Amino acid sequence: MDSHAHWKSIYTIKDSNKVSWFQEHADTSLRIIQQNESDKNAHIIDVGAGASPLVDDLLLAGYKNLEVLDISSEALAITQERLGEDQTNIVWRNDNVLEEKLPRHHYDVWHDRAVFHFLTNEEDRNRYVKQVCHALKPNGKVIISTFGPDGPLKCSGLPIVRYNHDTLHNEFGAQFKLIEHGQEDHLTPDGSVQKFVYCFCKMVNN
Ligand SMILES: C[S@@+](CC[C@H](N)C(=O)[O-])C[C@H]1O[C@@H](n2cnc3c(N)ncnc32)[C@H](O)[C@@H]1O
C-alpha cells in the first residue's frame, strides 16, 4: 500500500480521536508558538496535521494566516467539518509535503508533529529540509516533534526513525539554531505512553 492509500484508510476506518497520536489539545506546540510568535498575522503552516486541533486553538488565539497540509483529504475533511464556517479562514493543502509547491520564503512558523519521523530514507529527509528552507522566511521558526530514543519503533503501523534532540537538530543542519528542545510523554487513547522529542529552531541563514 502506498503512503497515500495508507493514510486514506486510517482516517476512513478509525475514529480520529482513537488514533494513537490523538491529542485533545496540542499543548506543547501551542505554547511554543504563542511564546515565540506574537504577531497574529504570522503565516503558520501545520504540516501533516491530520485531524489535529492545533489549527482550532491557533484560530481561537487570534492567528489569522493559518495553513493545514496533509496527504489525506479524509483527515482534512474531519478538521474542516469540526471548524464549520471558520474553515474558510484557512488555506488547505492536500498533498505530500515533499511534493507540494509551497510559496518561497512565505512562512513564519513551520509545525510538524509525528510526520518527519516517517521519512526513513536520507533522500526524502533531504527533500523535506529543502522544502522547509524554500518555504520558510529568513529567521522563520520550525517546531518538529518525533518519537524519541525510547519511543515506539512504528507509528500507525509504519516504520519510523527515532531521534534525540541532537540527531533531530542535525538533520536540519547549521542553518537552524536550536532554541528549545524537550521530551514529552504522550498518553495514547488506549492508555499507553509514547515518548516524543521536540525541537524548536530558528532559521539563521536562508
Ligand atoms: C502520526 S499522524 C500525526 C498527525 C498530527 N500531526 C498530530 O500530531 O495529530 C501523521 C500525519 O501525517 C500525514 N502524512 C504522512 N506522510 C505525509 C506526507 N509525506 N505529506 C503530508 N502528510 C503526510 C498523515 O496523513 C497523518 O495525518
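**Ligand site and cavities**

Reader: Which residues come nearest the ligand?
Author: Tyr11, Gly48, Asp70, Val97 and Arg113 come nearest, out of 19 residues around the ligand (near means a heavy atom within 4 Å). This is a predicted model, where local features need pLDDT of at least 70 and side-chain atom pairs pLDDT 80 or more, while totals for chains, interfaces and linings use all residues. Numbering runs from 1 along each chain as its sequence is written, and side-chain values use heavy atoms, leaving out hydrogens and water.

Reader: OK, what does Asp70 do at the ligand? How far is its side chain from the ligand oxygen?
Author: An N or O atom in the Asp70 side chain is 2.6 Å from an oxygen atom of the ligand.

Reader: And which backbone atoms lie by a ligand nitrogen?
Author: A backbone N or O atom of Gly48 lies 2.8 Å from a nitrogen atom of the ligand, and one of Ile71 lies 3.2 Å from a ligand nitrogen.

Reader: What's the shell made of, by class?
Author: It has 11 nonpolar, 5 polar and 3 charged residues. Here Ala, Val, Leu, Ile, Met, Phe, Trp, Tyr, Cys and Pro count as nonpolar, Asp, Glu, Lys and Arg as charged, and the others, Gly among them, as polar.

Reader: Switching topic: which residues line the largest cavity?
Author: Among them are Gln23, Asp27, His111, Arg113 and Tyr198. A cavity is a set of points on a 1 Å grid over the protein atoms alone where a 1.4 Å probe fits but cannot get out, and lining residues have an atom within 4 Å of a point.

Reader: What classes are in that lining?
Author: The lining of the largest cavity has 4 nonpolar, 5 polar and 3 charged residues.

Note on methods
A polar contact is a pair of N or O atoms within 3.5 Å; within protein, one must be able to donate a hydrogen and the other to accept it, and residues adjacent in sequence count only if both atoms are side-chain atoms. On a 1 Å grid over the protein atoms alone, a cavity is a set of points where a 1.4 Å probe fits but cannot get out, and a pocket is an open set with protein on both sides within 12 Å along at least five of seven lines; lining residues have an atom within 4 Å of a point.
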